[in-house]
Amino acid sequence: MPNIVVVYHSGYGHTARQAQAVATGANAILMAISSEGNLSEAEWATLDAADAIIMGSPTYMGMVSWQFKKFADASSKPWFSQKWKNKIAAGFTNSATMNGDKLSTLHYIFTLAMQHSMIWVGTGMMPSNSKAAQRNDVNYVGSFGGAMSVSPSDASPDEMLPGDLETARQFGKRVAEATAQWVAGRK
(Lines give C-alpha, C1' and ligand atoms only; values in the text may rest on other atoms or scores of the structure.)
Protein backbone atom coordinates (compact mmCIF):
# COMPACT_ATOMS: atom_id res chain seq x y z
CA MET A 1 0.00 0.00 0.00
CA PRO A 2 1.58 3.32 -1.02
CA ASN A 3 2.10 6.06 1.55
CA ILE A 4 0.03 9.04 0.35
CA VAL A 5 -0.54 12.39 2.05
CA VAL A 6 -3.23 14.93 1.19
CA VAL A 7 -1.96 18.33 2.37
CA TYR A 8 -4.38 21.22 2.02
CA HIS A 9 -5.60 24.56 3.30
CA SER A 10 -9.28 25.34 3.67
CA GLY A 11 -10.67 28.74 4.60
CA TYR A 12 -14.36 27.98 5.03
CA GLY A 13 -14.54 24.18 5.12
CA HIS A 14 -15.36 23.44 1.47
CA THR A 15 -11.81 22.54 0.47
CA ALA A 16 -11.51 20.46 3.66
CA ARG A 17 -14.53 18.45 2.59
CA GLN A 18 -13.06 18.02 -0.90
CA ALA A 19 -9.73 17.00 0.69
CA GLN A 20 -11.50 14.38 2.78
CA ALA A 21 -13.07 12.90 -0.37
CA VAL A 22 -9.68 12.83 -2.12
CA ALA A 23 -8.10 11.20 0.96
CA THR A 24 -10.88 8.61 1.12
CA GLY A 25 -10.32 7.65 -2.52
CA ALA A 26 -6.55 7.51 -2.07
CA ASN A 27 -6.60 5.86 1.37
CA ALA A 28 -4.35 8.75 2.36
CA ILE A 29 -3.25 10.65 5.44
CA LEU A 30 -5.12 13.95 5.70
CA MET A 31 -2.97 16.93 6.72
CA ALA A 32 -4.40 20.42 7.18
CA ILE A 33 -2.23 23.51 6.78
CA SER A 34 -3.04 25.71 9.79
CA SER A 35 -4.91 29.01 9.56
CA GLU A 36 -1.48 30.62 9.95
CA GLY A 37 -0.04 28.62 7.03
CA ASN A 38 2.05 26.28 9.15
CA LEU A 39 2.81 22.59 9.52
CA SER A 40 4.56 20.94 12.44
CA GLU A 41 8.02 19.39 12.10
CA ALA A 42 6.38 15.96 12.37
CA GLU A 43 4.05 16.83 9.48
CA TRP A 44 6.99 17.97 7.33
CA ALA A 45 8.68 14.63 8.11
CA THR A 46 5.50 12.80 7.06
CA LEU A 47 5.55 14.63 3.71
CA ASP A 48 9.22 13.76 3.24
CA ALA A 49 8.44 10.07 3.83
CA ALA A 50 5.42 9.94 1.51
CA ASP A 51 5.33 8.19 -1.87
CA ALA A 52 2.78 10.75 -3.12
CA ILE A 53 1.69 14.22 -2.06
CA ILE A 54 -1.70 15.51 -3.18
CA MET A 55 -1.97 19.26 -2.59
CA GLY A 56 -5.12 21.32 -2.30
CA SER A 57 -6.13 24.93 -1.83
CA PRO A 58 -9.20 27.04 -2.33
CA THR A 59 -8.95 29.46 -5.23
CA TYR A 60 -8.96 33.00 -3.88
CA MET A 61 -8.61 35.85 -6.36
CA GLY A 62 -7.31 33.48 -9.04
CA MET A 63 -4.63 31.85 -6.89
CA VAL A 64 -3.95 29.60 -3.93
CA SER A 65 -4.71 30.98 -0.46
CA TRP A 66 -1.93 32.88 1.32
CA GLN A 67 -1.73 30.03 3.82
CA PHE A 68 -1.03 27.54 1.03
CA LYS A 69 1.51 29.96 -0.48
CA LYS A 70 3.28 30.14 2.87
CA PHE A 71 3.43 26.32 2.92
CA ALA A 72 4.78 26.36 -0.66
CA ASP A 73 7.44 28.90 0.23
CA ALA A 74 8.42 26.87 3.30
CA SER A 75 8.82 23.81 1.07
CA SER A 76 12.05 25.38 -0.19
CA LYS A 77 13.81 23.38 2.55
CA PRO A 78 12.92 19.98 1.03
CA TRP A 79 13.31 21.52 -2.44
CA PHE A 80 16.93 22.47 -1.77
CA SER A 81 17.87 18.85 -1.14
CA GLN A 82 15.26 17.49 -3.60
CA LYS A 83 13.60 15.37 -0.89
CA TRP A 84 10.39 15.16 -2.92
CA LYS A 85 12.06 14.26 -6.21
CA ASN A 86 10.26 11.45 -8.05
CA LYS A 87 7.32 11.41 -5.64
CA ILE A 88 3.89 11.39 -7.25
CA ALA A 89 2.11 14.77 -7.09
CA ALA A 90 -1.43 15.92 -7.80
CA GLY A 91 -3.64 18.87 -6.96
CA PHE A 92 -7.19 20.01 -6.36
CA THR A 93 -9.10 23.22 -5.74
CA ASN A 94 -12.51 24.69 -5.02
CA SER A 95 -14.04 28.10 -5.73
CA ALA A 96 -17.45 29.74 -5.64
CA THR A 97 -18.01 29.99 -9.39
CA MET A 98 -17.92 27.51 -12.23
CA ASN A 99 -14.67 28.94 -13.65
CA GLY A 100 -13.40 31.04 -10.77
CA ASP A 101 -9.93 30.92 -12.34
CA LYS A 102 -9.38 27.54 -10.69
CA LEU A 103 -6.99 26.53 -13.46
CA SER A 104 -4.57 29.24 -12.26
CA THR A 105 -4.51 27.55 -8.87
CA LEU A 106 -3.90 24.11 -10.38
CA HIS A 107 -1.13 25.56 -12.57
CA TYR A 108 0.50 27.03 -9.47
CA ILE A 109 0.38 23.68 -7.64
CA PHE A 110 1.66 21.94 -10.80
CA THR A 111 4.57 24.38 -11.05
CA LEU A 112 5.39 23.83 -7.38
CA ALA A 113 5.43 20.05 -7.99
CA MET A 114 7.65 20.47 -11.06
CA GLN A 115 10.11 22.59 -9.07
CA HIS A 116 10.30 19.70 -6.60
CA SER A 117 10.97 17.30 -9.54
CA MET A 118 7.78 15.38 -8.81
CA ILE A 119 5.68 13.27 -11.21
CA TRP A 120 2.22 14.83 -11.88
CA VAL A 121 -1.01 12.82 -12.12
CA GLY A 122 -4.17 14.36 -13.59
CA THR A 123 -7.76 13.27 -13.19
CA GLY A 124 -7.87 10.71 -16.00
CA MET A 125 -11.59 11.50 -16.25
CA MET A 126 -13.62 12.47 -19.26
CA PRO A 127 -15.71 15.60 -18.69
CA SER A 128 -19.49 15.48 -18.42
CA ASN A 129 -20.05 17.76 -21.38
CA SER A 130 -22.97 16.38 -23.37
CA LYS A 131 -26.41 17.98 -23.59
CA ALA A 132 -27.65 15.29 -21.22
CA ALA A 133 -25.04 16.20 -18.58
CA GLN A 134 -26.29 17.27 -15.18
CA ARG A 135 -24.53 19.55 -12.68
CA ASN A 136 -24.17 16.64 -10.24
CA ASP A 137 -22.32 14.40 -12.73
CA VAL A 138 -18.74 13.31 -12.09
CA ASN A 139 -16.23 15.81 -13.53
CA TYR A 140 -18.97 18.21 -14.59
CA VAL A 141 -16.49 21.07 -14.13
CA GLY A 142 -14.39 19.30 -16.78
CA SER A 143 -10.87 19.36 -15.38
CA PHE A 144 -8.06 17.15 -16.61
CA GLY A 145 -5.13 18.63 -14.65
CA GLY A 146 -6.55 18.10 -11.17
CA ALA A 147 -9.85 17.88 -9.32
CA MET A 148 -12.07 20.96 -9.26
CA SER A 149 -15.25 21.66 -7.36
CA VAL A 150 -17.69 24.54 -7.09
CA SER A 151 -19.23 25.79 -3.84
CA PRO A 152 -21.50 28.84 -4.16
CA SER A 153 -20.43 31.65 -1.83
CA ASP A 154 -23.57 31.29 0.28
CA ALA A 155 -23.44 27.46 0.50
CA SER A 156 -22.16 25.62 3.55
CA PRO A 157 -19.65 22.77 3.21
CA ASP A 158 -22.55 20.38 3.91
CA GLU A 159 -24.21 21.62 0.71
CA MET A 160 -21.37 20.55 -1.58
CA LEU A 161 -22.68 18.49 -4.47
CA PRO A 162 -22.21 14.73 -4.32
CA GLY A 163 -20.94 14.77 -7.92
CA ASP A 164 -18.05 17.09 -7.01
CA LEU A 165 -17.21 14.97 -3.98
CA GLU A 166 -17.38 11.79 -6.06
CA THR A 167 -15.05 13.43 -8.58
CA ALA A 168 -12.63 14.12 -5.72
CA ARG A 169 -12.91 10.54 -4.44
CA GLN A 170 -12.30 9.04 -7.89
CA PHE A 171 -9.38 11.43 -8.39
CA GLY A 172 -7.84 10.23 -5.11
CA LYS A 173 -8.30 6.63 -6.22
CA ARG A 174 -6.54 7.35 -9.53
CA VAL A 175 -3.59 8.97 -7.74
CA ALA A 176 -3.34 5.94 -5.42
CA GLU A 177 -3.36 3.53 -8.38
CA ALA A 178 -0.70 5.56 -10.22
CA THR A 179 1.39 5.73 -7.05
CA ALA A 180 1.17 1.96 -6.53
CA GLN A 181 2.34 1.39 -10.13
CA TRP A 182 5.14 3.94 -9.76
CA VAL A 183 6.38 2.51 -6.46
CA ALA A 184 6.22 -1.10 -7.76
CA GLY A 185 8.13 -0.12 -10.90
CA ARG A 186 10.91 1.51 -8.88
CA LYS A 187 11.65 -1.65 -6.86
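**Aromatic pairs and helix packing**

Colleague: How many aromatic pairs does the count come to?
Modeller: This is a predicted model, where local features need pLDDT of at least 70, side-chain atom pairs count only at pLDDT 80 or more, and totals for chains, interfaces and linings use all residues. Residues are numbered from 1 along each chain as its sequence is written, and side-chain values use heavy atoms, with hydrogens and water left out. Rings of Phe, Tyr and Trp (its six-membered ring) pair if their centres lie within 6.5 Å. By this rule, the number of aromatic pairs is seven.

Colleague: Which class does the pair of Tyr12 and Tyr60 fall into?
Modeller: Planes under 30 degrees apart are stacked, over 60 edge-to-face, the rest tilted. The Tyr12 and Tyr60 ring centres are 6.4 Å apart, with planes at 70°, so the pair is edge-to-face.

Colleague: How many residues apart in sequence are the parts that this pair ties together?
Modeller: Helices (H or I, at least four residues) and strands (E, at least two) are DSSP runs, numbered from the N terminus. Tyr12 sits in the loop between β1 (4–8) and α1 (14–26). Tyr60 sits in the loop between β3 (52–58) and α3, so the parts tied together are apart in sequence by 48 residues.

Colleague: Are α3 and α5 roughly parallel or oblique?
Modeller: Axes are lines fitted to C-alpha atoms, for helices over the stretch in contact, and angles run from 0 to 180 degrees between N-to-C directions. Helix α3 (residues 66–74) packs on helix α5 (residues 102–115) at about 15°, axes 11 Å apart. Under 35 degrees is roughly parallel, over 145 roughly antiparallel, 65 to 115 roughly perpendicular, the rest oblique. α3 and α5 are therefore roughly parallel.

Colleague: Which residues of α5 meet α3?
Modeller: Contact means heavy atoms within 4.5 Å. From α3 come Phe68, Lys69, Ala72 and Asp73. Their partners in α5 are Tyr108, Ile109 and Leu112.

Colleague: Where do α1 and α6 stand, roughly parallel or oblique?
Modeller: The axes of α1 and helix α6 (residues 162–186) come within 6 Å and cross at roughly 40°. That angle makes α1, relative to α6, oblique.

Colleague: Which residues of α1 make the contact with α6?
Modeller: The α6 side supplies Leu165, Ala168, Arg169, Phe171, Gly172, Lys173 and Ala176. The α1 side supplies Arg17, Gln18, Ala21, Val22, Gly25 and Ala26.
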